[in-house]
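Hi everyone, thanks for coming. Today I'd like to walk you through one protein model, a few residues at a time. Have a look at it with me.

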Amino acid sequence: MTKATSANAPAAGTSETEAQDPAQTGLVTPVMRALKLLRYVADGGSTANLSDVGRRIGVNRVTVMRLVETLQYEGVLEPLPHGGHRLGLGFLTLAASALAGEDHLATARRVLTRVTSETGLSSYLTVLDGAQVRYLLCETPALPLVSNIRAGSRVTAHLTAPGRSLLAHLSTERRRALLGPEPLAAATAQSARTYAALDAQLSRDREAGCAWSQDGFEAGIDACAAAVLDAHGRPLAALSVAGPRALVGTDSITRERTARVVKSGAADLAVLLADAPAFLAAAERA
C-alpha cells in the first residue's frame with residue numbers, strides 16, 4: 001500500500017529550502033539555484049566538496065553537480081588548478097558590459113532604491129568634501145517629507161551619521177586638519193564639542209560598523225550610516241538612511257535589521273564604485 005503524500009510536501013530528494021514557496025509561484029527555480037551557487041562562489045566559497053556546497057546553499061548534491069557543469073560549459077564558472085571553481089571570464093565580461101552602459105551614480109541609485117524599499121526610510125549617498133559631507137543622491141519613500149536634507153546639501157561632517165561614518169576611517173591627524181580647532185561646531189546638545197568626545201564616538205562607530213544618530217542633527221530624526229570603503233580601507237562615500245523615530249523604531253531588533261540593510265548596501269556600493277574616478281578622487285582627498 002502506498003503512503004499518501006501531502007500536496008505541500010517537497011518532492012523526494014528535494015531539500016526543505018528547495019520546496020516551492022507559494023509567494024514564488026511563477027519563478028524559475030533552476031535559475032534561482034544557479035544564482036545561489038554563483039553568489040556562494042563570488043563570496044569566496046569553495047566548490048571542491050559538492051556535498052558541502054549543497055548544504056550551504058540548500059540544494060542537493062546532484063543538482064549542484066549539474067549546475068556546476070552547466071555554468072562551466074557556459075563560461076560562467078571556470079575550474080581552478082587545485083580543485084574548486086571561480087567566476088569565469090564569461091560572467092566577468094557580462095558584468096563589465098552591464099556596468100559600462102551606466103554611469104556610477106545611476107548604478108548607485110539602484111542600491112539606494114533597494115535600501116529605501118527594505119527599510120521604508122529615506123536613503124542618501126554622501127561624500128566627504130573638506131570638513132563637510134556633500135549629499136549626492138537622495139531616495140525617499142512615499143511619505144510626507146520629514147527632513148531638510150536634499151541632494152546637493154552640505155553639512156559639517158561630524159554633525160551627521162554619514163559624516164561620522166566617513167571620519168571614523170580617517171587618521172586622528174587628518175580629522176583635526178579637516179575640522180579645525182576646538183570647540184567643534186554643534187547642531188544639538190548631543191554634538192561632540194571636543195576631539196576627546198568625538199574620537200570616543202567615532203571609535204564606537206567604527207567598532208559597530210555603522211554610525212547611529214538620534215536627534216543628532218534634526219529634531220525627531222534618527223539616522224544610520226555605513227562607510228563605503230575601497231580595497232585599502234579608505235572611505236569612498238557613505239550610505240545612510242534617516243526618518244522619524246516612530247518609523248525608524250527604538251527596539252533593538254528593528255535597529256539591528258536596519259543596520260544590516262545599510263551595511264549590506266554599503267558593501268554593494270564598495271564593489272560598484274571601486275573604479276569610479278570621482279569617488280576615488282574623494283578618497284584621495286580624504
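In which helix is R255 found? The answer is α10. Please keep in mind that this model is predicted. Now, is R255 buried or exposed? The cut-off for buried is under 20% relative accessible area, and R255 has 10% relative accessibility, so R255 counts as buried. What does the side chain of R255 make a polar contact with? Its partner is the side chain of D222, at 2.6 Å. Beyond its neighbours up to four places away in sequence, R255 touches several residues, including W212, R245 and T250.

In general, nonpolar side chains in soluble globular proteins tend to be buried together. Here, the largest nonpolar core has 27 residues, and those touching the most other members are L125, V228, L269 and F279. Among the elements that give two or more residues to this core are α5, β3 and β7. The largest share, 7 residues, comes from α10. If you click on L125, you'll find that among the residues it touches are L105, Y135, A237 and F279, leaving out those up to four places away in sequence. There is also a second, separate core of 26 residues, with Y124 and V155 among its members.

Last stop: G163, which lies in helix α6. G163 has 0% relative accessibility, so it counts as buried. Apart from neighbours within four places in sequence, G163 is in contact with V133 and A157.

Note on methods
Residues numbered from 1 in each chain as written. Predicted model: local features only at pLDDT ≥ 70, side-chain atom pairs only at ≥ 80, totals over all residues. Heavy atoms only, no water. Core = buried A, V, L, I, M, F, W, Y, C linked by side-chain atoms within 4.5 Å. Buried < 20%, exposed > 50% of the residue type's maximum accessible area, 1.4 Å probe, protein only. Helix = DSSP H or I, 4+ residues; strand = E, 2+ residues; numbered from the N terminus. Contact = heavy atoms within 4.5 Å. Polar contact = N/O pair within 3.5 Å; in protein donor to acceptor, adjacent residues only side chain to side chain.
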